[in-house]
Amino acid sequence: MFKTVVTLFRGSVAAASEELEDRTALLILDQQMRDAAAAVERSKRTLALAIAQDQQEARKLEATVARIADLEMRAVAALDGDREDLANDAAEAIAGLEADRDAALTARALFATEIARLKRHVASAQARITELDRGRRVARASEAVRSLRRSGIEAARPNESTLPEAESTLRRLRERQMEAQAADDALVELDAATGPLATAEKLAEQGFGPRLKTTADDVLARLKSKSMLTG
């Protein structure tokens, strides 16, 4: 008799523990999904900011290119008029503008990479949240069926949805979520690594290959060449 009471007690404790665990798991899942949705919204805002900054760099680049073309035309005219002093001033200004132009081109390339990454991230996250929401509905339905069974009320179609199936679905979703996050982290690390432009610049500074940044001497030599061709 004593062993029977002990067994009944242990069974009651196990059932209560299982019920609490299941109920808590759904609450945790709800909060995780709210956190994930908030993270997606933050990613969307970051994406919008990146797009706006890229558009700003595009406008700066367009204005800089126009100013370079105008100054080059004026510098060539100055050389034709034997005013090399004015042409040299123009060359200095053009060299600075070309450095701004190259910086804008680099910035736009970086923005393009980040925008593409963020778009993929947002689309993937939204799809995963949608899939998680489906799994959550299945889990809630399964828990409702189990509650009915425990209270002695059989559902009309009790075998259509079960908690083990829901748990398996959510487990697969969590695994895919971890894989996607690992891929995102790897992409961020790859973006932060030294790129080919930086490597080429370092080699040029050591005398291996042409310089990447235009100097005033380079611009003046180019303008003199144009002047000779038009003279």
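Helices here are DSSP runs of H or I with at least four residues, numbered from the N terminus. Read in that way, the chain of this predicted model follows the pattern α-α-α-α-α along the sequence. In total there are 5 helices and 0 strands. Of the 231 residues in the chain, 24% are buried.

As a general background, nonpolar side chains tend to be buried together in soluble globular proteins.

The C-alpha atom of isoleucine 115 is separated by 6.2 Å from that of leucine 47, although the two residues are 68 apart along the chain.

Aspartate 82 sits in the loop between α1 and α2. With a relative accessibility of 69%, aspartate 82 is exposed. Its backbone deserves a look: phi is positive, about 60 degrees, although the residue is not a glycine. For comparison, most residues other than glycine have a negative phi.

In one of them, arginine 83 pairs with aspartate 85, with 2.9 Å between the closest N and O atoms. Both partners are partly exposed, arginine 83 at 39% and aspartate 85 at 43%. Arginine 101 and aspartate 102 form another salt bridge, their closest N and O atoms being 3.2 Å apart. Here arginine 101 has a relative accessible area of 24%, and aspartate 102 likewise has 24%.

Within helix α2, arginine 137 and aspartate 133 lie 4 residues apart, about one turn of the helix. Their side chains meet in a salt bridge of 2.6 Å, N to O. Arginine 137 is partly exposed at 49%, as is aspartate 133 at 22%. These two residues belong to a network of salt bridges that also links Asp30 and Arg136.

Finally, the surface carries a patch of positive charge where Arg171, Arg172, Arg174 and Arg176 gather. One of these, arginine 172, is found in helix α3 (residues 163-192), and its relative accessibility of 41% makes it partly exposed.

Definitions and conventions
Residues are numbered from 1 along each chain as its sequence is written. This is a predicted model: local features need pLDDT of at least 70, side-chain atom pairs count only at pLDDT 80 or more; totals for chains, interfaces and linings use all residues. Side-chain values use heavy atoms; hydrogens and water are left out. Patches are made of residues with over 30% relative accessible area and no salt bridge: like charges are joined within 9 Å, nonpolar side chains (Val, Leu, Ile, Met, Phe, Trp, Tyr) within 5 Å. Accessible areas come from the Shrake-Rupley method with a 1.4 Å probe; for residues, only the protein chains shown count as cover. A salt bridge is a side-chain nitrogen of Lys or Arg within 4 Å of a carboxyl oxygen of Asp or Glu. Lys and Arg count as positive and Asp and Glu as negative; His and the chain ends are not counted. The place of a charge is taken as NZ of Lys, CZ of Arg, CG of Asp or CD of Glu. Helices (H or I, at least four residues) and strands (E, at least two) are DSSP runs, numbered from the N terminus. Buried means under 20% relative accessible area, exposed over 50%, partly exposed in between (1.4 Å probe, protein chains only).
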